[in-house]
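The exercises below are meant to be worked with the sequence and the model side by side. Try each task before reading its solution.

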Amino acid sequence: MEKKRSVLTLISWIVFAGSVVGSLFVGVLVYFLLSSSGVQGALTKAIISTVIIQIAFLIPVFMVRMLIDRYIVSKINEVTKALREVSTGNLDYKVEIDGDDELAELAESFERMRISMKTIMEKLEEGEL
């Protein structure tokens with residue numbers, strides 16, 4: 001099975017591209033402001049400010065991405081794995097997600113559905129339905 005790209009990865013690339021454009025814009029502004037003021041080394045200072053802005057922006061963005069991946073995407077992947085297992089007939093696959101958020105509620109609802117399906121299948125096999 002081909003591994004699909006994560007939505008989080010696509011969002012990260014969009015944010016990265018936006019931060020590059022933004023920091024380049026600031027670098028160009030710094031260059032023009034410094035060069036019009038007659039400051040020596042305006043280009044070097046503009047490049048340094050662009051790099052510093054880029055690093056200062058990307059570190060917190062990367063940390064937020066890691067938190068989203070840890071607390072949201074991992075839960076979505078667990079529910080997706082359970083859906084895949086049950087859809088192929090494995091009604092014994094349990095999904096357990098800790099927490100009190102929407103994803104835990106989704107997993108709990110899925111678990112109730114899985115148990116209902118398993119009960120119905122067992123009754124069908126026993127001829128009770």
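**Exercise 1.** Which residues does F110 touch, not counting residues up to four places away in sequence?

*Solution.* This is a predicted model in which local features need pLDDT of at least 70 and side-chain atom pairs count only at pLDDT 80 or more, while totals for chains, interfaces and linings use all residues. Residues are numbered from 1 along each chain as its sequence is written, and side-chain values use heavy atoms, with hydrogens and water left out. Taking contact as heavy atoms within 4.5 Å, and setting aside residues up to four places away in sequence, F110 touches A82, L83, V86 and V95.

**Exercise 2.** Find the residues that make up the largest nonpolar core, and state which elements give two or more residues to this core.

*Solution.* Begin with the criterion: a nonpolar core is a set of buried Ala, Val, Leu, Ile, Met, Phe, Trp, Tyr and Cys residues joined through side-chain atoms within 4.5 Å. Buried means under 20% relative accessible area, exposed means over 50%, and partly exposed lies in between (1.4 Å probe, protein chains only). The largest such core has ten residues in all, namely V79, A82, V86, L91, Y93, V95, I97, A104, A107 and F110. The elements that give two or more residues to this core are α2 (42-87) and α3 (102-126), where helices are DSSP runs (H or I, at least four residues) numbered from the N terminus.

**Exercise 3.** Describe the nonpolar patch on the surface, and name the element that gives the most to the nonpolar patch.

*Solution.* Such a patch is made of residues with over 30% relative accessible area and no salt bridge, nonpolar side chains (Val, Leu, Ile, Met, Phe, Trp, Tyr) being joined within 5 Å. The members are V28, Y31, F32, L43, I47, V51, I55, I59, F62, M63 and M66, which together have about 1,100 Å² of accessible area, computed by the Shrake-Rupley method with a 1.4 Å probe. Both α1 (7-36) and α2 give two or more residues to the patch, and α2 gives the most, with eight residues. One of the members, I59, has its place in helix α2 and is partly exposed, with a relative accessible area of 48%. S49 also lies in helix α2, but S49 is buried, with a relative accessible area of 16%, and touches G27 and V30 when residues up to four places away in sequence are not counted.

**Exercise 4.** Classify the ring pair of W13 and F16.

*Solution.* Rings of Phe, Tyr and Trp (its six-membered ring) pair if their centres lie within 6.5 Å, and planes under 30 degrees apart count as stacked, over 60 as edge-to-face and the rest as tilted. A search of the whole structure finds two aromatic pairs. The ring centres of W13 and F16 are 5.9 Å apart and the planes stand at 90°, so this pair is edge-to-face. Both residues lie in helix α1, three residues apart, about one turn of the helix; W13 counts as exposed at 56% relative accessibility, whereas F16 is partly exposed at 34%.

**Exercise 5.** How many salt bridges are there, and which parts does the pair of K118 and D92 tie together?

*Solution.* With a salt bridge taken as a side-chain nitrogen of Lys or Arg within 4 Å of a carboxyl oxygen of Asp or Glu, the count comes to four. In the bridge between K118 and D92, the closest N and O atoms are 2.5 Å apart. K118 lies in helix α3 and D92 in the loop between α2 and α3, so the pair ties together parts that are 26 residues apart in sequence.

Terms used:
Patch = residues over 30% accessible without salt bridge, like charges linked within 9 Å, V, L, I, M, F, W, Y side chains within 5 Å.
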